[in-house]
Amino acid sequence: MINREIGNLEYRRKLVKAGVVIVFMGILFCLARAIHNKYMPMITLKVENQSVMQGEELPAIQASVLCKGNPATILDRQSNYTVEKFLDDLKAEKGYRIQHEINPEVDGVYAVSVIVDKKLKEKLQGDWHRKVKFQVQDGTFEVQNQYGEWEKDKFKKWDGTYVISDFVKSKGSIYYFDKEGKMVTGEQMIRKRKYVFRKNGTMEYAEKKVDPQKPMIALTFDDGPGKYTDTLLATLDSYDARATFFMLGANAAKYPETIERMEAIGCELGNHSMNHANLVKLILPEYAEIDAAQAAISQAVGHGADVLRPPYGSVDGKVLGEAGIPSIMWSLDTKDWKRKDAVKISEYVLNYVSDGDIVLMHDIHGFSVDAANILIPTLLERGYQLVTVSELAEARGIELEKGEKYFHFYAN
Ligand code: NI
């Protein structure tokens, strides 16, 4: 009886010992697991949020590869594929792709996501599940409007002023802001053209004044406005013709009502620098001369010009780049300042002009305006449409771009 009890006791001790060992091993195993999990390499594929100004070139859209933990960790023993090699592959954009629908021409915030390949996904969920942690972080990409940003029913330009009496292209649509800077809706007469805007302000209809099938010419007048400009505008208006005026800021400041009238009858406003500076030779920043003229024009109509004619046609890559608006040269130089005779000037134009030409004249001379008064009805009689530079470009399917220069818009 006693012996049996002693035997039982022995047995129990052994059992307890074994139990302790098992528990201990278990704790050790869990600890090892925890340590393993803690130090298991962690890889993150992260799309960095980026932004670009509308119309600018898209930068490379990539995901950055981040890793915590030991890069020497082996993922596949047979091929000796380590975390380090996996990282190299990810950096070489293998195993996934970046998905987005960014249109650099249309402002807005776009989603950018990382799409992991099926093959890699299977490995991560299978063999590699206990060897590496993997996560992706999607991002966004903002295309900023090139002019500014919305502020309720107004549009604030990047320089802090509001868009006044002008059109703005935003989120793929065109809007118009009135004299008070408020977005317009419904039917509107703007610059002698009929427009219809939807309730949300997007343009629904714009009356077409140009027939792209018929020949057309852009008459351009430099160095004004001057004392003869109003006479010229009256002629243009009476024939429902339009021209482009490349104005000196110094003169623009003296004739705000003339500039208002130009715009009201559908003519195009152009910048010809503040003081007729040779922009290439200028020591001061070129844009100061351009900006001062923009400010002078803006004083009259609430906004600057959309096109530049560099004085003397003097332009280089630097000026083109800094101008911020496209540069418009010419294809037919009337040399009106030299001919000094209305009949000679108009005869010269009538002899040489052809469809798509940009004609250079100066509205500061009486003889040039007299020549224009002869030319306008005669060219119309000959079947030409007299249009602005922008209308001519548009009719020929060309979108004017800043940083570029244009001499003519001949039909192909
Ligand atoms: Ni000039």
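Visitor: Is His272 buried or exposed?

Guide: This is a predicted model, and in it His272 has a relative accessible area of 2%. The cut-off for buried is under 20%, so His272 counts as buried.

Visitor: Which protein donors does the nickel ion have?

Guide: The protein donors are Asp223 through OD, His272 through NE2 and His276 through NE2. They lie 2.1 to 2.2 Å from the nickel ion. Along the sequence, the spacing of these donor residues is D-x48-H-x3-H.

Visitor: Where in the chain do Phe86 and Trp128 lie?

Guide: Phe86 belongs to helix α2 (residues 83–91), whereas Trp128 is in the loop between α3 (118–125) and β8 (133–137). The two residues are 42 residues apart, and their pair links distant parts of the chain. Phe86 is buried at 2% relative accessibility, and Trp128 is buried at 4%.

Visitor: What is the geometry of the pair of Phe86 and Phe134?

Guide: The centres of these rings are 6.0 Å apart and the planes are at 35°, so the pair is tilted. Because Phe86 lies in helix α2 and Phe134 in strand β8, the pair ties together parts that are 48 residues apart in sequence. Phe134 is partly exposed, its relative accessible area being 22%. Tyr81, Phe86, Trp128 and Phe134 form one aromatic cluster.

Visitor: Which rings have the charged ends of Lys154 and Arg339 over them?

Guide: For Lys154 it is the ring of Tyr162, with the charged end 5.2 Å from the ring centre. For Arg339 it is the ring of Tyr348, and the charged end is 3.9 Å from the centre.

Visitor: Let us turn to sheets. In what order do the strands of the open sheet of 3 strands stand?

Guide: The order is β14-β15-β16, and the pairing is antiparallel. Strands β14 (186–190) and β16 stand at the edges with a single partner strand each, so one side of each is left without a neighbour in the sheet. On average, neighbouring strands of this sheet are turned by 25° against each other, direction ignored.

Visitor: How many bridges join the strands of this sheet?

Guide: β14 and β15 pair over 5 bridges in the antiparallel sense, and Glu187 has Val196 in β15 as its bridge partner. Strand β15 (residues 193–197) is joined to strand β16 (residues 203–206) by 3 bridges, and these strands run antiparallel. Here the bridge partner of Phe197 is Met203 in β16. The hairpin of β15 and β16 has 5 residues between the strands, and within this hairpin Gly201 takes a positive phi near 90°.

Visitor: What backbone values do most residues and peptide bonds have?

Guide: Most residues other than glycine have a negative phi, and most peptide bonds are trans. The peptide bond from Gly224 to Pro225, however, is cis, with omega near -5°. Pro225 is placed in the loop between β17 (216–222) and α4 (229–238).

Visitor: Which value does phi take in Asp240 and in Lys335?

Guide: In Asp240 phi is near 55°, a positive value in a residue other than glycine. Asp240 is in the loop between α4 and β18 (244–247), and with a relative accessible area of 38% this residue is partly exposed. In Lys335 phi is near 45°, again a positive value in a residue other than glycine. Lys335 has its place in the loop between β22 (332–333) and α9 (336–339); at 34% relative accessible area, Lys335 is partly exposed.

Visitor: Finally, which residues of helix α6 are buried?

Guide: In α6 (residues 256–264), the buried residues are Thr258, Ile259, Met262 and Glu263. Because they cover an arc of only 135° around the axis, they are on the same side of α6. Just after α6, Gly266 takes a positive phi of about 90°.

Note on methods:
Residues are numbered from 1 along each chain as its sequence is written. This is a predicted model: local features need pLDDT of at least 70, side-chain atom pairs count only at pLDDT 80 or more; totals for chains, interfaces and linings use all residues. Side-chain values use heavy atoms; hydrogens and water are left out. Buried means under 20% relative accessible area, exposed over 50%, partly exposed in between (1.4 Å probe, protein chains only). Helices (H or I, at least four residues) and strands (E, at least two) are DSSP runs, numbered from the N terminus. The arc is that of the directions from the helix axis to the C-beta atoms. Rings of Phe, Tyr and Trp (its six-membered ring) pair if their centres lie within 6.5 Å; planes under 30 degrees apart count as stacked, over 60 as edge-to-face and the rest as tilted. A charge sits over a ring if NZ of Lys or CZ of Arg is within 6 Å of the ring centre and within 35 degrees of the ring normal. Donors are N, O and S atoms within 2.8 Å of the metal (3.2 Å for Na, K and Ca); water is not among the atoms, so sites may look incomplete. Two strands pair if DSSP finds at least two bridges between them. Axes are lines fitted to C-alpha atoms, for helices over the stretch in contact, and angles run from 0 to 180 degrees between N-to-C directions.
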